[in-house]
Amino acid sequence: MSSQSEPTGPPDNLLQTPHQEHGLSRCRQLSPGHARKLGLTRKTRVRRDFKEDEDPEEKAKRHKELELKPLYQELLYTIAHKMGQPSSSEVFADRQLHQYIQETFTMTESEHSGLTERVQSTEPPVYCLMATVKEAKEILGKDISGFSDPYCLLTIMEDEKESQTRRSRAKPSKSIVKEAVSNDKIFQSDIKKKTLNPVWNQTFVLEFEDIAGASFHLEMWDKDEEVSLTQKLEEFKSNFSSLKRMIKEAKKEKGTDDFLGKVVIKLKDLHCTEDNWYNLEPRTETYPDRGQCHLKLKFIHKARDMTLSAGRSAYINYCGILQQFVQAYISKQQSAAPWKGALCGEAQTLLELYATQNDLSPFLQDLAKWVAFSKLYQSLEVDSSVLFQQLTSVEYHWHQQQLPHQQKQELGDSLHGFLQYGLCLVAKYRDVFPPTASATPKLHTLLRILVQICKTQAFQKLNPAQFELHDEVSDAIQTGTQDWFSIKKGLHQPMTKDPSEMVSALSRLIGEVQEDIKHNKVAWNRVFVSAVQVDVFTVVYQQLDSLIAKEVRENLSRIEGRMEQALANSLFPVYLSLQSIHKDKAFLQKRGSLELTNFQEGFREALPYWLNQAFSTTQDRVERAVQVDQLQPLQSGAVPIKHSSSAVDLVACVQPICELWEQLCWPDPEEAFMLMVKITEDVCKIVVNYCHTLKERVRVLSQNSDHGRAINMLCVVVNDLEHLRLMLTRLPAQLNWAGLRHRTQTVIGESQFHNTLPSQLQQVQGVLGREIRSALDTLGKKLNTDIETHVRNMSTRRRIPSKSSEDAADPLMRYLEQELQYMNENLVQENFNSLLTPLWNNSVKILHQVATQHPQQEGLMVFCQRLLYTLQCLEQCFLAEGNGLPSNTLHSDEYKALKAYLTHNSLSSWQLVEKFLERKIWEQNVNSSERYGAVTLLASYSRSDQRLRVEVLNAVNLLPMDFNGLSDPFVQLCLEPQHTFPELEPRCTRIWSRDLNPLFEEAFEFLVSLGQCQAPGACLVLTVMDHDILMTDDFEGEAFLALKAIPGVAGELKGDGLSSQPEAVPAQIRLPLMHPKPNEDTILTLLESRKGERGAQAYVKKRRQREKQSKEGSQP
């Protein structure tokens, strides 16, 4: 009783518009021709529907008559005989549906009326309800065993028949179907034994006349069969609880079936297709919960008029209607966005009605959508998700349902055709999917669709030949790349055989290739790799490497021996492009031999021209930069730029030469070294020429300028030269000498490398250094002259006492502050420091000359005080709080000598005596030799009574001064300096006769204050003499003991000098005796020059006497 209509008719899709037919033929022409594998799986069909030379208007008219009008009639017939409600929530009247299809199929009003009349004159179909009883659950158990043997009765009843049946019954009856309808209109399902959850999956087609008054009836019964008493007893034994059911069974007539429930549905309430669970309703209130039944209900037509569509199958018509609806919907869209599978409500309603009425299965509907959408994808913007969805549906139904042979053939053709079209697009991916953010996702989606097609069971079954999508895509890429290169080569063919024209054409072609490789690496490669695991960059690079290498070799061979400067210049962009392409080999996944390797050898003839062009161009630019340079700082203010424009231009002009080295990237190490030598030589020449040109520019601008303007220009020139020097310092790093040394270490010796490149740089740096020093010397000459003038003005004869040191030094310091501030503002730090160093040395030299040449001794001390103050001010000025010259530069030997000289000459005579004594104390402390003997004593100071106690213990190892080899020694004790201890007379021990190691043991006390003991230079002078009666006593030696070193003296002076602390313990002190060195003490010489000071002269006389008595000058 089941019925499933199968589509019949010609399988060819005759529903293509003339535009689409042209598009498909064009796609076949663009196909890369994968006959190797795809040709084995599918035979190409030849279309001969229309003549190629037919007029387009006639073709469109013919298409409308043969294709569109039959479909239009089918839709009119569908609307006229529609049954049930569509699944969409929106309901459309017949008038709305007519208006929609009239607009969609572009029918005129007269055409619409004529076709409507024809449809109305046709025979109506037989209205049917296809009911599939799938299963039931939780039904009543009517048998003694607790189960039932259910079956179903199905029929359609008119309201009039049902009312007549009710009136004819004297009493209520459980059965309606059996009594109301003849047996030939009642359909019965199979009987399922002993179950409460039966499964049938049986389909029945129930005819009816009018949907308005009809209702669908389903009754479920439990089949009751006659059984023996023995069986009944066995059931009773097995289940005692069935006793009640047995009693009821005994009362029932033999062979009477039990009613389980019913489902009654009015047809007008049904949708076109229903698939639901329905409750089984009782006849009375007894057992209201009787379970549920799962039904699938669908309105279909039988005996549908086939003359409207020329006998085509419903499937073919459905495909045509769908395609027409989609095209109309897309054409009405305002945005340029791809179509995502949506259709208007009218289209969805009509498609659902047509598919339902013609009983098209979901598989056939999805198949039709795939075929239609995949063809639309080839001519319109269709979102890939639509194709993915249909592919998934087809794959799902493939496992659930078998397709008729013709539809299998069509599905295979469709999958094969789309693969062929997709590979055609892959071959043309450069043009179809440009490397933009909007296009590359479309390429990725296309590749995913191709992958999905190859994964489907349908494709694998319908295309049994081995098909590797990875290989097919790679072949398509290679074929497309070859075609693309051929097209680009044709576009960039030289118009003549002129070498420059040939090179220009080659440059344009390589530029196209370079851009294509870049796009493949950046944009397309990740798309192909993620979708089909094809490294398109590697495939394309290896193929273009071979093609472009061949093209370069051919072109370079044609121009060999015809090289000139202009031709070499035009070859340089070609070289750079090839260099860039060759560097991209680092991104290859599979490394192999590349034909572009060592391509540089073909450009060896042009290399000298490139270097000459770079040098001459840079030299010209530098000369022009100097000619327009006004020798003014580029920028002043918070961040000044103190060099001029030409220095900046020179650095910028030299930079291209450095970049040329990087661009050449010459592979041969030895030749690369020679290139580096040439480039470094050119840079040095440019720098030297710049110096000469700049000096000439200064001379020209200085002719009509004042002195201040000339100084300004000179400062700028010095800064320019320093800027160049810094640039040359960075040149080895810019040219990567270290990398070159590493490359050439096997062919160039270490000494040869360093004697060539660094020596070039050192020579030009020496030139710059000399020029900078010369300019700085020029700037410093006037400063040195002015400084000398100011210093000599301090030595004015009669005005020496009238000015303080501060006032005397003020003019010089003001002048220096002003000039140095100016120089600091106009010179860069390196040049300013370079100017400061000679200026400081000259200032020290001038001060020293002026100090030593002072004519009058009487004012020397005051003058030296002024000079010492001036020296200190100059030191602070040049130090500049750590921002000027470093201390080690300032404190030169000449500075130290000058400072010592000025310091001494600035002191008074008594201060000089104190300095002399302090020096003697220092000599005593560092002397450890007892060549003249030694004196031992005990010394202490009592603060309480302000007494200095000294006990001379002994003397040892004295020199024999008498003829008998002995001496008569005694010790003289004197506190010095005399101006500190004016009232204390020297003390002496007794004389020991004929003894070189006398034991004196004599004590002496001196009444002195603690302040006197702690005064500068305060010391105890012990002089050992040899007593002579007839002649002057002989000098044995002397020793100096600082009073600060005596116990009790050291420490702070508090209050009145008295201390409550205990008395200091005397210290035993051993002092080696010393002899002074004659005429070596500068302090004595200075004191000696002060003739007008008697005290100083007396002290000097005494010390000179000691020097005469000294054995130091006579002993080795």
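Predicted model: local features only at pLDDT ≥ 70, side-chain atom pairs only at ≥ 80, totals over all residues.

**Side-chain contacts**

Modeller: With ring centres required to lie within 6.5 Å, the count comes to 26 aromatic pairs. In one of them, the ring centres of Y72 and F105 are 5.7 Å apart and the planes meet at 70 degrees, so the pair is classed as edge-to-face. Y72 belongs to helix α3 (residues 56–80), whereas F105 lies in the loop between α4 (94–104) and α5 (109–120); the contact therefore ties together parts that are 33 residues apart in sequence. Y72 and F105 are both buried. Elsewhere, a single aromatic cluster is formed by F572, Y575, F599, F603, W610 and W666.

Rings also meet charged groups. R741 lies over the face of F753, 5.3 Å from the ring centre. R987 is placed over the face of F1006, with 4.9 Å to the ring centre.

Strand β13 is joined by seven bridges to strand β10 (residues 947–956), and the two run antiparallel. Opposite F1004 in β13 stands V950.

The charged pairs come next. Side chains of opposite charge can pair when their charged atoms come close. With nitrogen and carboxyl oxygen required to be within 4 Å, the count comes to 35 salt bridges. One of them joins E207 to K302, whose closest N and O atoms are 3.1 Å apart. Because E207 lies in strand β4 (residues 199–208) and K302 in strand β8 (residues 292–302), this pair ties together parts that are 95 residues apart in sequence. E207 counts as partly exposed because its relative accessibility is 47%. K302 is likewise partly exposed, at 33%.

A second salt bridge is that of D257 with K223, the closest N and O atoms being 3.9 Å apart. D257 is in the loop between α9 (243–251) and β6 (258–266), and K223 in the loop between β5 (214–222) and α8 (229–238); the pair thus links distant parts of the chain, 34 residues apart. D257 is buried, with a relative accessible area of 13%, whereas K223 is partly exposed at 28%.

R949 and E951 form a further salt bridge, with their closest N and O atoms 3.8 Å apart. Here R949 is partly exposed, at 35% relative accessible area, while E951 counts as buried because its value is 18%, the limit for burial being under 20%. Salt bridges also link K64, E65, K69 and E111 in a network.

Helix α16 (residues 440–455) has 16 residues and reaches 23 Å from its first C-alpha to its last, close to the 22 Å expected at 1.5 Å a residue. Its buried residues are T440, L443, T445, L446, L447, I449, L450, V451, I453 and C454.

How values were computed:
Residues numbered from 1 in each chain as written. Heavy atoms only, no water. Helix = DSSP H or I, 4+ residues; strand = E, 2+ residues; numbered from the N terminus. Expected span 1.5 Å × (residues − 1). Buried < 20%, exposed > 50% of the residue type's maximum accessible area, 1.4 Å probe, protein only. Salt bridge = Lys/Arg side-chain N within 4 Å of Asp/Glu carboxyl O. Pairing = 2+ DSSP bridges. Phe/Tyr/Trp six-rings, centres within 6.5 Å; stacked < 30°, edge-to-face > 60°. Lys NZ or Arg CZ within 6 Å of the ring centre and 35° of its normal.
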